[in-house]
Amino acid sequence: MTSLTQRSSGLVQRRTEASRSAAADKERGSGDEDYDARRADEQDDDDSGDSKETRLTLMEEVLLLGLKDREGYTSFWNDCISSGLRGCMLIELALRGRLQLEACGMRRKSLLARKVICKSDAPTGDVLLDEALKHIKDTQPPETVQSWIELLSGETWNPLKLHYQLRNVRERLAKNLVEKGVLTTEKQNFLLFDMTTHPLTNSPIKQRLIKKVQEAVLEKWVNDPHRMDKRLLALIFLAHSSDVLENAFAPLLDEQYDLAMKRVRQLLDLEPEGESMKTNANELLWAVVAAFTK
């Protein structure tokens, strides 16, 4: 009887918190409805353990997976993470209701041929995201997903478009993680030069991130991308495209590793064009996937 009373009081408390979250969401406006609703659900998740300050964007999650814990920098041989982080930005903006693909019209265009349209220019509260959003909003005629990944990365031969490049992205994301208490800042000497590094200080946050990715393709595998959380689905695709997914699977046993990689391969073998036409699919998310898997 006592335990039932405690459980009931806990339920009332959770309902009260949910009501407060709903009220706060209304005040923030409609631009972030889906994004904020999901975040509110996360706040009620007893397993998450994350405070508001330690919620990470897709870019921060991908960078955190790529950073060496003690050394505090990504692999010097990783030349994929730069474009991967730009893909993260596009999907993050889409999930927050800021971007979408143009309507396909009577003659259906492929995902990679459709332009990226600014749906809302309301500030996101993230400097990098707002900078990317401003570029996309101010550019006429609009560009495709593939073009924006290249332009934001500075991978263009057109000198008139070099101003679209977002500079020092990894360092700026690392500083965000320092402010959130996940990383710290140090100086390391590499014989000929000094380099600012960002070693891990909050190991539990990274371990939860790794566990989340592992469980998505192991214990919580649903064999249907449209039943997966869109952010988690995007994280798996973009971590793979950024060549950092292997870091999340490194601690697994051989059998688990083989199974995880088999299921990741199943996701990579999906046809983005077909998946984007299914109910509740985010077209821009699948366009980014198409840009990296084509």
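Predicted model: local features only at pLDDT ≥ 70, side-chain atom pairs only at ≥ 80, totals over all residues.

Guide: Leaving out residues up to four places away in sequence, Val 145 touches Leu 90, Leu 101, Arg 114, Val 116, Leu 284, Ala 287, Val 288 and Ala 291.

Visitor: What makes Val 145 stand out in the largest nonpolar core?
Guide: That core has 74 residues, and Val 145 is listed with Leu 90, Phe 249 and Leu 284 as touching the most other members. Helix H4 (residues 81–95) contributes the most to the core, with 9 residues.

Visitor: Why is the pair Glu 60 and Lys 180 called a salt bridge?
Guide: The closest N and O atoms are 2.7 Å apart, and the cut-off is 4 Å, so the pair qualifies. Glu 60 sits in helix H3 (residues 58–66) and Lys 180 in the loop between helix H7 (169–179) and strand S3 (186–190), so the bridge ties together parts 120 residues apart in sequence.

Visitor: How do you know whether Glu 60 is buried or exposed?
Guide: Its relative accessible area is 0%; buried means under 20%, so Glu 60 is buried.

Visitor: And why is Lys 180 called partly exposed?
Guide: Lys 180 has a relative accessible area of 22%.

Visitor: What makes Lys 206 and Asp 69 a salt bridge?
Guide: Their closest N and O atoms are 2.7 Å apart, which is within 4 Å, so this pair counts too. Lys 206 is buried at 6% relative accessibility, whereas Asp 69 is partly exposed at 34%.

Note on methods: Residues numbered from 1 in each chain as written. Heavy atoms only, no water. Core = buried A, V, L, I, M, F, W, Y, C linked by side-chain atoms within 4.5 Å. Buried < 20%, exposed > 50% of the residue type's maximum accessible area, 1.4 Å probe, protein only. Helix = DSSP H or I, 4+ residues; strand = E, 2+ residues; numbered from the N terminus. Contact = heavy atoms within 4.5 Å. Salt bridge = Lys/Arg side-chain N within 4 Å of Asp/Glu carboxyl O.
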